[in-house]
Amino acid sequence: MFRVVFYHPEIPPNTGNAIRLSANTGCQLHLIEPLGFGFEDKQLRRAGLDYHDLADVHVHPTIEAAWETLLPANVYAFTARGDRLHTDVSYTAGDVLLFGPESTGLPDEVLADPAITERVHLPMLPTSRSLNLTNTASIAVYEAWRQHGFPGV
């Protein structure tokens, strides 16, 4: 399946919802520190409901540590500054879907990382700035999973 990576997530309910996404789709969820919350945070626990034990969640101290676990793989960095639509990518099992912090998105140094295969974006109206982090991750995961015929269902 696919690997979802949240780089420096800030908002506990978004990560709780991503835990549910992981549990319901079979994706791994990788979180890169620092996190803007602890795992005992009530909002994180509430958003994740009873899915915490069903999700495959990994925490990495740095992006370099994450790469040691995740590479080699295609790494798609989701950014409003992406060069290609997320639906134009042919995803393969094991691909990494990388998302930045809620307040800023992925920083330039991460977008320039040689591990990044491609920068992609979701279409939005020109008057919009961004989508919610977990909504974006969900759209990406379901597109990648759809391309493979929803295996495991």
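The model is predicted, so local features need pLDDT of at least 70 and side-chain atom pairs count only at pLDDT 80 or more, while totals for chains, interfaces and linings use all residues. Residues are numbered from 1 along each chain as its sequence is written, and side-chain values use heavy atoms, with hydrogens and water left out.

Helices (H or I, at least four residues) and strands (E, at least two) are DSSP runs, numbered from the N terminus. Strand β1 spans residues 3–7 and is mostly covered. Five of its five residues are buried; buried means under 20% relative accessible area, exposed over 50%, and partly exposed in between, with a 1.4 Å probe and protein chains only. In a regular strand, side chains alternate between the two faces of the sheet. Here, Arg3, Val5 and Tyr7 point one way from β1. Val4 and Phe6 point the other way.

Two strands pair if DSSP finds at least two bridges between them.

| Partner of β1 | Bridges | Sense |
|---|---|---|
| β2 (residues 28–32) | five bridges | parallel |
| β6 (residues 96–99) | four bridges | parallel |

Tyr7 has Ile32 in β2 as its bridge partner. Val5 stands opposite Leu98 in β6.

Thr15 is in helix α1. Is Thr15 buried or exposed? Thr15 counts as buried, because its relative accessibility is 0%. Beyond its neighbours within four places in sequence, Thr15 is in contact (heavy atoms within 4.5 Å) with residues including Phe6, Leu29, Leu31 and Thr134. Pro9, Phe37 and Leu44 are also among its contacts.

Ser22 also has its place in helix α1. Ser22 is buried because its relative accessible area is 4%. Leaving out neighbours within four places in sequence, Ser22 is in contact with Cys27, Gln28, Leu29, Ala55 and Asp56. The side chain of Ser22 reaches the backbone oxygen of Cys27 at 2.4 Å. Glu118 lies 96 residues from Ser22 along the chain, and their C-alpha atoms are separated by 23 Å.

Conventions:
A polar contact is a pair of N or O atoms within 3.5 Å; within protein, one must be able to donate a hydrogen and the other to accept it, and residues adjacent in sequence count only if both atoms are side-chain atoms.
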